[in-house]
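Student: I have the sequence and the model open. Can we take it one question at a time?

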Amino acid sequence: MSLQPEDREPGVPMDNSKEDVGGSSCTGDYSKHDMTVCLGNGEVKSCAVVKYSAAPPPTTYALLQEKTDLKLPPANWLRENPQLGSAGTTVLGSSSKSKPFSSFGMAYDFIDCIGDDVDVVSDSENIKKLLKIPYSKSHVSMAVHRVGRTLLLDELDTQELLRRSSQTGDWTWLKEIYQRLIDQKWQRKKKSKEHWYQKAILSKFLYYSINGDGAAEPVTEDMIEEDEENGAEEYSSSWPATFTSAMSEADEADTPKQESVPVDSNFALGQVTSVPKEQNLPTLFNEGENSQGLRNDFVRNIMWTFEDIHMLVGSNMPIFGGGRYPAVSLRLRDSNKPINILTGIDYWLDNLMCNVPELVMCFHVNGIVQKYEMIKTEDIPHLENSTFSTRVVKDIAQNILSFLKSNCTKEGHTYWLFKASGSDIVKLYDLTTLCEEAEEEKYQNPFTLPVAVLLYRVASNLMLKASQNRKHYGKIRTLLLNCVKLLDPEKHPQIIASAYYMLSELFQLDELPDEDGGESLRAGGSEDSYSDEDREEEEEDDDLTEDGEDMGTYGNRSRPQDDSKAVAVIRSVGELSVPEKYKSTHQIRPSCAFPVSQDKEERCRHVLSYVLKGLKAVDGCIKKESDLPAADPNTPIPLKYEDGGGNGASEKGISLLLERAGAGQADQKHPTRSGMIPDSWQHRMKLQLFLKASKAYYVLSDAATNLLKYGRALRYIKLSLQCYDAYCSVSETLRPHVLQFHSQCLSLCGDIQLMLAQNASNRAAYLEEYSYQTKEDQEILHSLHRESSCQDFSMATDLAMDPEYQLFVSCRCYEAAHDMLTSEVLKDQSSDQLSQVLRRLGNIRNEMGVYYMNQAAAMQTEKRVKKSVSAAEQDLWKKSFSFFEKGMKDFEAIRDSTNTALLLCNTGRLMRICAQAHCPVSADESRGEFSPEEALYYNKAVDYYLQALRALGSRKGHPAVWDSVNWELSTTYFTLATLLQDYAPLSRKAQEQIEREVTDAMMKSLKYCDLQTESARQPLYQYRAATIHHRLASMYHSCFRNQVGDEHLRKQHRSLAELHYSKAVSLFLSLKDAPCELLRTLLERVAFTEFTMTGQSSSVAKLKSLIGAIEIMSEIRHAFQLIQKELLEEQEEQQTEPSAAESPDSPDRVGGSRSGLDLQEVLKLIGVFEPSFSFLLLQVIKLMTTSKRKPSSKDEEMLKNYKAVYSKFLRAEKDAPLLSRVELYIELLQQLTP
């Protein structure tokens, strides 16, 4: 299957255009075509797509004339030719030996494919060698590394490395392991002259094929000898030294000052979630000696899919154009040597990998060209003497891949796949484990650093995709953890610090993972569980080995103790030909799945642990601890609260922060407190780690706030701001997104201080939470103190004992956040955040206004003698009013009418407190007349309440606030009217004027009594309305009694008194819980009727008034019934709790009632009721008895009833219990009811 254009790596346009990549022109038109080889007995699918090519487009090969002598070199021999690539750089042509790190060079170039898309990365020669294992007696020695799902295979030429070890001392670890496991004696077989002869004529043949007209030059014996020497020396120049470090010793000594290894700027500078157009991965090896073996030196890199196995293959095979086909491969064969099965497999695999449809074979005898023969690729498996089954080759590939994937399970480990020459047993060793078993330092695996770098690069690449697809998180974490395990912190602190920073970036701090996301993350570790269909792959030796030539003498003996050291063993290479003999079903590293936690605190703790490790890596390469001043992170700085001073310090701190945010300010190049140089990798990494730690602590603080753990929340926000303080100390300029985050921190700090002020009762618990500190937090603080004293924000984060100071700090935090968001740097951004801060600022100013208002009210209550208003009270009023005013402006700025109305309502309450403070008190401490100051402040309160209602507009928007303002307005009018009525300013105003003002205020209060809407306040509204009607009735009653002369006005007063008495009785009756008020109102109404009767001269009129008064009196039974009910409930409670009833301090004994009934008031009202009731009955009996007109039967019946009631009433015991007396009154009044 061919890759889509967008899947291809950058650098190789698959068309005729040319593009410079590493100095080579990259083409490959022929590679557009996928090829499927169809066979008679089935089908093997093969598809090859060129990902990169350094060769020019294939040119037609030169057909050499018969009898051409290949022993004579052409004129262009050994001249560099892009058509041949590296094949033209030596007499021997292309070396069949891979470098030990060749797969890493390819992996670095095609990092997108590593870990998931590709099963195997290797040199094509290694692939061929593996697939020929069952057919070949040759030895196999390969290093295997695992990265995710991908296996990297490299030739491990033990003979060459052991020879090098003897000369230079490198690779001694391999020599000792080899001698311990394989054979204590090893010999190197020197290559024969025939070997070098065959190599030389192949090279000359290829040059002739490029330039058929080139003049022949004689070849001398000296040249042949030189060829052999070059061949012998070829490998020593290509093998790299042991990779213990990428730096020279001189560089290593300067580690604290210089970068040890350049790192990916994306992660040193931090914005991991922003994906750049092109990826700039870290260059861990400079061009030069240290890069040998780590560059991608292949002429072309091919993505080869063989059946279901995806391989990234490096190939140097020269490809020519010719005939009807876009590409052919050239082969040189000795006519005296028939093609065997190994050669056939070799040719077939080469053509499949490079997608070459035909092979051109040139036959020679002793170097003399005889003939050419063209063979189609699909016909190669059927050549005479070279017949093989492509299905078997496919089975071998799948079995080997399954075997390796099942057993090479640990990322970062170096595995050794070994088969001795002539042996049928294939063994797999874990060299990393074998190295770890040895105590000596000399056992250092040279693959460690390249593997670690590759793990890091793959993780970096996946990290760029992680923002789109979080399923990569598990893989990234596994890769990075394995990466840091392999590296020495002293030699590679930059990679380690960057890896830990990326690990910290994996944990999402601002959201919980969803269910699907969580599932994918849990399964998102290195995907190591494979089904039967999973892919596999291996590699083989070159053309010359096919003919049985061996590179050395290996021990053929298989000792039983060897198997105990091997990870896995293939007992017979014949097993590889059995379909699905090896299945990869081993579940690898389930513990490396990404830890998905629903708990924010746990996720933040993961982040902080990685940040700490990253900081340690950075700190370790800057300065020693002893070079810095000692700092105790647990010692708080004492602060003294001063209003003005605190304000100035806050403003100064904010101005300094905003100055740093200037975009045009040049960075200063002097070292930081710890000795870091600005713009060094240590500097950039610390910036990111400090900011990440600050964000983690912010999230912890926010979570603790939601749990009401305010002491813990303050501790975390303190740590967050300390991290930010250190960030500011290191950074010369502050970016807008950093300032935005800082404003969030300050806002949260303000929230916490406000909550602490409002929950002062739990201060001891909060102090304990605040004082606790984990070891991890202490270590992070210690790292912060290397760069800063971390005290810039101590004022905001100290746990004070004074609520006023806490409110002040909270307000300062919000003000600082507001100033930051409205600065030049941020004024065009974050409108939502500004709205939130303004809302918080309005709220804290309201809280402070309420605090000072309550302080003023408490001061007023505590005054024993009410004197003139003190200066302290006035100061509190001014502070409160100022905060309310500022808060209203904040809410108005964001058009928050509801909160604006609430602040107006609170300002109204403040005016009422001011009015109460101006209450005049006479010398005998009695209340004086209602003063003009009281009237002034009450009227101001009314104005603020009316403004609040106007701000709300209607009840629909926010019913609760509307009802609250409505109630307060009604209360203010009612209080004003009551004080005017009870303490009338008769010395300043006429009685009539006062009555008009009282009536006006009462009616306005009544207007705002919402009797219709069902709510919790409805009974209160009813009670107030009833009280207003009662007071108005009493006032008109009094006016009627005192009015002399103006009969019209008296009638009007009488009428209004009757009206309000009637409404008051009706409302009190509906309340069911105000019996005393109902009783009083009815008694007043009876008295009003009695007074009306005194002005009547006619006995008939008097009798009519008396009967009307008795009817009103009969309604008193409702009040007595309510009193009876409460007395009975109280009696039942006393019976269930006899001890309480017998107590001399029982509430009933002191005139109270458990049910809330005022017994003293009841007795007082009964004292008024009894004589009034007796008087009415006596008067009505007298008038009816002395009446001159003949009474009717109805009148006689009424008189009889009145006499009976009067008789019972007179015989009643005056000392009877209250309950008995009330029951008697109910009976008598019920008897009077018609």
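Student: Which helix holds R845?
Tutor: This is a predicted model, where local features need pLDDT of at least 70, side-chain atom pairs count only at pLDDT 80 or more, and totals for chains, interfaces and linings use all residues. Residues are numbered from 1 along each chain as its sequence is written, and side-chain values use heavy atoms, with hydrogens and water left out. Helices (H or I, at least four residues) and strands (E, at least two) are DSSP runs, numbered from the N terminus. R845 lies in the run of residues 831–862, which is helix α27.

Student: Is R845 buried or exposed?
Tutor: Check the cut-offs: buried is under 20% relative accessible area, exposed is over 50%, and partly exposed is in between, with a 1.4 Å probe and protein chains only. R845 has a relative accessible area of 10%, so R845 is buried.

Student: Which residues is R845 in contact with?
Tutor: Contact means heavy atoms within 4.5 Å. Set aside the neighbours of R845 within four places in sequence. That leaves C811, E815, F883, F884, K886, G887 and D890.

Student: Now V567. Is V567 buried, exposed or partly exposed?
Tutor: V567 sits in strand β16, residues 566–570. Its relative accessibility is 37%, so V567 counts as partly exposed.

Student: How many Å apart in space are V567 and Y415?
Tutor: Y415 is one of the contacts of V567, along with N407, L428, Y429 and D430, once neighbours within four places in sequence are left aside. In sequence, V567 and Y415 are 152 residues apart. In space, C-alpha to C-alpha, they are apart by 8.8 Å.

Student: Are α33 and α34 roughly parallel or roughly antiparallel?
Tutor: Axes are lines fitted to C-alpha atoms, for helices over the stretch in contact, and angles run from 0 to 180 degrees between N-to-C directions. The axes of α33 (residues 1018–1042) and α34 (residues 1047–1071) come within 7 Å and cross at roughly 155 degrees. Under 35 degrees counts as roughly parallel, over 145 as roughly antiparallel, 65 to 115 as roughly perpendicular, and the rest as oblique. The pair is therefore roughly antiparallel.

Student: How many residues in the contact of α33 with α34 are nonpolar?
Tutor: Ala, Val, Leu, Ile, Met, Phe, Trp, Tyr, Cys and Pro count as nonpolar; Asp, Glu, Lys and Arg as charged; the others, Gly among them, as polar. In the contact of α33 with α34, nine residues are polar and three are charged. The nonpolar ones number 16.

Student: Is α35 roughly parallel or roughly antiparallel to α39?
Tutor: α35 covers residues 1075–1094 and α39 covers residues 1159–1185. Their axes come within 10 Å and cross at roughly 30 degrees. That makes the two helices roughly parallel.

Student: Which residues of α35 make the contact?
Tutor: On the α39 side, the contact includes V1162, L1165, F1169 and L1176. On the α35 side, the residues are C1076, L1079, R1080, L1083, V1086, E1090 and M1093.

Student: How many residues in the contact of α35 with α39 are charged?
Tutor: Sort the contact by class. It has 11 nonpolar residues and one polar residue. The charged residues number three.

Student: How many residues are in the largest nonpolar core?
Tutor: A nonpolar core is a set of buried Ala, Val, Leu, Ile, Met, Phe, Trp, Tyr and Cys residues joined through side-chain atoms within 4.5 Å. In the largest one, the residues that touch the most other members include I1116 and F1169. I1116 touches L1079, L1082, L1083, F1169 and L1229, not counting residues up to four places away in sequence. The residues in this core number 256.

Student: How many residues are in the second core?
Tutor: The second core is separate. Among its members are A48, L130, V140 and L404. Its residues number 55.

Student: What is the phi of N355 near?
Tutor: Most residues other than glycine have a negative phi. N355 is in the loop between α9 (341–353) and β12 (358–365), and counts as buried at 7% relative accessibility. Its phi is positive, near 60 degrees.

Student: What about the phi of K67?
Tutor: K67 is in the loop between β4 (42–53) and α1 (102–109). At 55% relative accessibility, K67 counts as exposed. Its phi is also a positive value, near 75 degrees.
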